[in-house]
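Here are my notes on this structure, as numbered points. Please read them with the coordinates open.

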Amino acid sequence: MALLSELVEEARLSARALKDCGDGLFNPTVRLGVTGLSRAGKTVFITALVHGLTRGGRFPVFESLATGRIARARLAPQPDDDVPRFAYEEHLRTLVEERRWPNSTVDISELRLVIDYQRSNGAERTLTLDIVDYPGEWLLDLPLLNKTFEEWSAESLLLARAGPRAELARDFLAHLATLDPNAPENEQTTLIAAKLFTDYLSACRDDRFAMSLLPPGRFLMPGNLAGSPALTFAPLDVTEGGAPDGSLWAMMRRRFEAYKDVVVRPFFRDHFSRLDRQIVLVDALSAFNAGPEALHDLEAAMAGILDCFRIGRSTIFSSLFRPRVDRILFAATKADHLHHLSHDRLEEVLRRTVGQAVARSELAGAAVDVVALAAVRATKEALVQRGRDKLPSIIGTPAKGELANGEAFDGETEVATFPGDLPANLDGLFEGGAFRGLSTDAPDKADYRFLRFRPPRLVRNGAEEPALPHIRLDRALQFLIGDRLK
Ligand SMILES: Nc1nc2c(ncn2[C@@H]2O[C@H](COP(=O)(O)OP(=O)(O)OP(=O)(O)O)[C@@H](O)[C@H]2O)c(=O)[nH]1
Ligand SMILES: [Mg+2]
């Protein structure tokens, strides 16, 4: 049975790969995946990238644009009829005119850009760039394909019982202790278990804890599957072996398999396996706000993400249909919350987080790089006198309701803040007690406190549309598509 479904799956994948390949012959296309856990900065990143390309942003490091070889970039109808279009115009208007960040988005979306450029040898060419925005939570589901229900249960429970998660999982674990996996299946017990398990996952996601590794992803973003059996299960205290017919265990296992069939496999087939390039956006500063456990958790999530590219290459499907991603960029977003003296340190933190995962995952053939960026820079820098010292500070308009020293900001006033330097020495940073964060201490005791700022006020120069300020967005572009515009 499993074999047949995999054969069907492969046939579908191959048909799709052939079609993509045929299209690509006439019209060179790069499919760029943009992902990151919720609130990582995907929507802002894509909006800024498209704006910069179509309007001609200030991108000195993006060679083809900086040297004038890009004649123009324009939006075009996207190739997939069943994927929502990325609401670029709406997001841009919110950012520029209302000075608000775009609303949260929960589904996959797509946008096509056509870039007319001149090759270094003078020939006129066109490159089509398909940008696909999908939730990082879906990516973290891919490793489930290689796990049995029993393996997944053991891993999830190990996580739930350790560190700060244990407290958040208390109600779920208490319910679990009352369950006999071999007892007859029972819909009500299962519903309660699934609800408590979901509550625990969303508590981990809270700003105070900022945990990253929270599969199954659809438990937090159910979309149109909310309430369906494929989303109504939870881990059990079971080991490998036979689940008695009609037992709770058998029911949970069946639904776990349904989740893989209904949610994970289609995502792999329709989206993940078709990407050429991937950028993974990471909100490392939220992890700093929360504390060392959150950083540690982020590291585990990055390992999980890199595993997807490796797993995809070896075991999920035959080697013919491995993902074709050959460049992966990990980007720490919102670097404008730090003084530029700390940008390299932020990059270093991310490099450390991802570095171990890269070493473990033996990424055959894909180039991996790391950058700290701000897709839209909301702050300026200044040296502010404090007593005898001049502190490297950042100036911005904190979002309405943000708190500092017991004061709530009104969303209009510009302030200079000293966000704290990231440490130069990263040794031991990921271990409990390395520094103080919101997960263990009161906000005024935390070592880092990165405020949310409003988008910048842009000055219009005549009729010309203003460029969006950024940090290192051009470097990201150069790595992601620079080689395809040579
Ligand atoms: N200062 C600053 N804040 C940013 C930047 N990018 C994102 N943010 C902040 O991060 C929040 C989330 O950004 P989004 O782009 O909506 O993130 P997302 O990954 O699309 O989030 P979901 O759609 O909820 O998954 C924004 O509301 C901003 O507060 C940036 O470049 N600079
Ligand atoms: Mg979004």
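1. Start with helix α8. Its outward face, turned away from the buried side, carries R170, D171 and A177, which are exposed. The buried residues of α8 are F172, L173, H175 and L176. These four cover an arc of only 160 degrees around the axis, which puts them on the same side of α8. Their cover includes α6, α7 and α9. Keep in mind throughout that this is a predicted model.

2. Helix α6 is one of the elements that cover α8. It runs over residues 149-160, twelve in number. From first C-alpha to last, α6 reaches 16 Å, close to the 16 Å expected at 1.5 Å a residue. Buried here are F149, E150, W152, S153, S156, L157 and A160. Seen down the axis of α6, the buried residues fall within an arc of 160 degrees, so they line one face of the helix. Note that the buried set includes E150. The cover over this set includes α7 (165-168), α8 (170-177), α9 (187-205) and α10 (248-270). So which helices turn up in the cover of α8? They include α6, α7 and α9.

3. Now the overall picture. The protein has 14 helices and twelve strands. It counts 486 residues, and 53% of them are buried. Among contacts with a separation of 6 or more, 76% join residues 24 or more positions apart.

4. Next, the nonpolar cores. The largest has 88 residues. Within it, L142, L236, F272, F288, L295, F330 and L346 touch the most other members. Helix α10 gives the largest share of this core, ten residues. A second, separate core has 43 residues, including V30, V44, F86 and L480.

5. What does F330 touch, leaving aside its neighbours within four places in sequence? Its contacts are V280, M302, I305, L306, L350, V354, V368, D369, V370 and V371. D369 is one of these partners.

6. T43 and T105 coordinate the magnesium ion (ligand 2), each through OG1, at 2.0 Å. The two residues link distant parts of the chain and are 62 residues apart. T43 is in helix α2 (residues 42-55). T105 is in the loop between α4 (88-96) and β3 (109-118). Is each threonine buried or partly exposed? T43 counts as buried, because its relative accessibility is 9%, under the 20% cut-off. T105 is partly exposed, with a relative accessible area of 33%.

7. N289 is in helix α11 (residues 284-290). N289 is buried, with a relative accessible area of 9%. Leaving aside neighbours within four places in sequence, N289 is in contact with G437, L438, Y448, R449 and F450.

8. D483 lies in the segment after α14 (473-481). At 28% relative accessibility, D483 counts as partly exposed. Not counting residues up to four places away in sequence, D483 touches R277, R327 and Q478. How far is D483 from E63, in sequence and in space? The two are 420 residues apart in sequence and 9.7 Å apart in space, C-alpha to C-alpha.

9. Last, the backbone. Most residues other than glycine have a negative phi, and most peptide bonds are trans. P215 and P216 are joined by a cis peptide bond, with omega about 0 degrees. P216 is in the loop between α9 and α10. R39 is not a glycine, yet its phi is positive, about 75 degrees. R39 is in the loop between β1 (29-36) and α2. R472, also a residue other than glycine, has a positive phi near 60 degrees. R472 is in the loop between β12 (415-417) and α14.

How values were computed: Residues numbered from 1 in each chain as written. Chains lettered and ligands numbered in written order. Predicted model: local features only at pLDDT ≥ 70, side-chain atom pairs only at ≥ 80, totals over all residues. Heavy atoms only, no water. Expected span 1.5 Å × (residues − 1). Buried < 20%, exposed > 50% of the residue type's maximum accessible area, 1.4 Å probe, protein only. Arc of directions from axis to C-beta. Contact = heavy atoms within 4.5 Å. Donors = N, O, S within 2.8 Å, 3.2 Å for Na, K, Ca; no water. Core = buried A, V, L, I, M, F, W, Y, C linked by side-chain atoms within 4.5 Å.
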